[in-house]
Every structure is written in structure tokens, then in C-alpha cells.
Amino acid sequence: TLTGGAEVPPIASPGQGTATLVLDAAQDQISVSVTWSGLLANTTAGHIHGPAAVGVNGPVMFNLNISGSTAGSVSGLTFAITSTQVTNLESGLLYANLHTSSFPGG
């Protein structure tokens with residue numbers, strides 16, 4: 001779930017959304033879908049970050065190439081994933097983040 005309150009530190013954005021990551025059976029690829037709405041400014045970027053515990057920012061792992069709208073969706077994005085990244089995913093250490101000019105940190 002994407003909310004301003006989940007950002008570190010929390011932000012006062014009315015935007016919201018969801019990101020879904022599906023790991024394939026071979027555990028070497030993920031498919032990503034993201035929907036969002038209510039942003040105060042157009043998106044400038046979107047990423048999957050990690051590894052990071054809740055309350056901690058993590059580095060960019062996957063660039064979602066999202067830009068230019070206050071609401072929208074993307075689906076069918078695929079990325080190769082390593083065994084270490086699978087372990088981090090299964091441990092809940094990855095998160096999605098959308099960036100805007102109003103909130104450049106996400």
C-alpha cells in the first residue's frame with residue numbers, strides 16, 4: 001500500500017496507491033503492477049527500493065519508469081531478480097515509492 005504516512009519521514013500527501021510484486025515459479029523474475037491516484041503533482045519517478053526494514057529508507061533496486069501523472073497505473077513490468085533479492089522480498093524488506101516534484105523523496 002502506498003501512502004504519504006508510509007514514507008520515511010511521513011509526508012502530508014493525499015496520494016494513495018498499491019504496488020504488487022509477483023515472483024515467478026523459477027524465482028528469478030518479478031512482475032510489478034502499480035496504481036496510484038490523488039497526488040498533488042505529477043510523478044517524476046517510481047522505484048522498488050530495498051533492502052530496508054520498516055521505518056528505514058533503502059536504495060533503488062528497480063526503476064519503474066513512472067512519470068508525468070497524478071493518477072495512473074502500470075502493469076506487466078518485469079525484472080530479473082537475484083537469490084539475495086528473493087530473500088529480501090520474502091523477508092518484507094522491499095517497498096515501492098513514487099516521487100513527485102512536491103515530494104521528491106517519495
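These legends accompany close-up views of a predicted model. Residues are numbered from 1 along each chain as its sequence is written, and side-chain values use heavy atoms, leaving out hydrogens and water. Because the model is predicted, local features need pLDDT of at least 70 and side-chain atom pairs count only at pLDDT 80 or more, while totals for chains, interfaces and linings use all residues.

**View 1. An open sheet of 4 strands, in the order β1-β2-β3-β6, with antiparallel pairing.** Helices (H or I, at least four residues) and strands (E, at least two) are DSSP runs numbered from the N terminus, and two strands pair if DSSP finds at least two bridges between them. At the edges stand β1 and β6 (72–80), each with a single partner strand, so one side of each has no neighbour in the sheet. Look next at helix α1 (residues 83–90), which lies across β2, β3 and β6 and runs at about 130 degrees to β2. Axes here are lines fitted to C-alpha atoms, for helices over the stretch in contact, with angles from 0 to 180 degrees between N-to-C directions; contact means heavy atoms within 4.5 Å.

View 2. Strand β1 (residues 2–3) is joined to β2 (residues 16–23) by 2 bridges, and Thr3 stands opposite Gln16. On the β3 side, Gln16 has Ser37 as its bridge partner. Antiparallel pairing of β2 with β3 (residues 29–37) covers 8 bridges; the two strands form a hairpin with 5 residues between them, and Gln27 in the turn has a positive phi of about 60 degrees. Between β3 and β6 there are 7 bridges, and Val34 is partnered by Val74 in β6.

**View 3. Asn97, a buried residue in strand β7 (residues 95–100).** Its relative accessibility is 4%, so Asn97 counts as buried (under 20% relative accessible area; exposed is over 50%, partly exposed in between; 1.4 Å probe, protein chains only). Not counting residues up to four places away in sequence, Asn97 touches Glu7, Ala45, Gly46, His47, His49, Gly105 and Gly106.

**View 4. The largest pocket, holding about 640 Å³ of space.** On a 1 Å grid over the protein atoms alone, a pocket is an open set of points where a 1.4 Å probe fits, with protein on both sides within 12 Å along at least five of seven lines; lining residues have an atom within 4 Å of a point. Of the 34 lining residues, Thr1, Leu2, Ala6, Tyr95 and Ala96 are closest to the centre. Strand β7 gives the most to this lining, with 5 residues.

How values were computed: Points joined across faces, edges and corners; volume = space filled by probe spheres on them.
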